[in-house]
Amino acid sequence: FLTEFGGCDNSPTCIEQIDWGFEYADQYFQSWAYWSDDFYQDMLENERFSRPYARAVAGTPSQMHFDPDTRTFQFVYMMDTTIHQPTEVFVSPLIY
């Protein structure tokens with residue numbers, strides 16, 4: 001779990017830092033928590049916080065990446081045929 005990060009001002013530097021954190025969280029399949037004194041307002045101003053992710057995987061994940069500018073999500077995993085439950089990807093209605 002990536003502990004709290006954030007609380008910045010939506011400047012280009014802030015957005016760059018947030019994207020960097022998300023990129024590495026995706027790379028290592030880490031959950032995360034963003035801190036803000038007005039998170040609801042931040043969510044309205046910046047859709048970068050609402051991201052697709054694999055919440056259940058019927059196998060072993062090897063790659064996950066989301067590009068907030070193009071809104072493309074890539075997820076690669078090796079399927080385990082002994083798992084009979086589906087892989088689930090959360091897709092936010094805020095960005096799709």
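Predicted model: local features only at pLDDT ≥ 70, side-chain atom pairs only at ≥ 80, totals over all residues.
The largest pocket has a volume of about 270 Å³. Its lining is made up of 16 residues. Closest to the pocket centre are Gln30, Trp32, Pro52, Tyr53 and Met64. By class, the lining holds 11 nonpolar, 3 polar and 2 charged residues.

Aspartate 26 belongs to helix α1, which spans residues 12-27. The relative accessible area of aspartate 26 is 8%. This value is under 20%, so aspartate 26 counts as buried. Which residues are in contact with aspartate 26, once neighbours within four places in sequence are left aside? They are Arg51, Met64, His65 and Phe66.

Backbone angles were examined next. Most residues other than glycine have a negative phi. Phenylalanine 29 has a positive phi, near 55 degrees, and is not a glycine. Phenylalanine 29 sits in the loop that runs between α1 and β2, the latter covering residues 32-35. Is phenylalanine 29 buried, exposed or partly exposed? Its relative accessibility is 33%. That figure falls between 20% and 50%, so phenylalanine 29 is partly exposed.

Arginine 71 also has a positive phi, about 60 degrees, and is not a glycine. Arginine 71 lies in the loop between β4 and β5, where β5 covers residues 72-79. The relative accessible area of arginine 71 is 36%. Arginine 71 is therefore partly exposed, as the value lies between 20% and 50%.

β4 and β5 run antiparallel. How many bridges join β4 to β5? The number is 8. Glycine 59 stands opposite methionine 79, a residue of β5. The two strands form a hairpin with 4 residues between them. It is in this hairpin that arginine 71 takes its positive phi, near 60 degrees.

Notes:
Residues numbered from 1 in each chain as written. Heavy atoms only, no water. 1 Å grid on protein atoms, 1.4 Å probe; cavity = no way out; pocket = protein on both sides within 12 Å on 5 of 7 lines; lining within 4 Å. Points joined across faces, edges and corners; volume = space filled by probe spheres on them. Nonpolar A, V, L, I, M, F, W, Y, C, P; charged D, E, K, R; others polar. Buried < 20%, exposed > 50% of the residue type's maximum accessible area, 1.4 Å probe, protein only. Contact = heavy atoms within 4.5 Å. Pairing = 2+ DSSP bridges.
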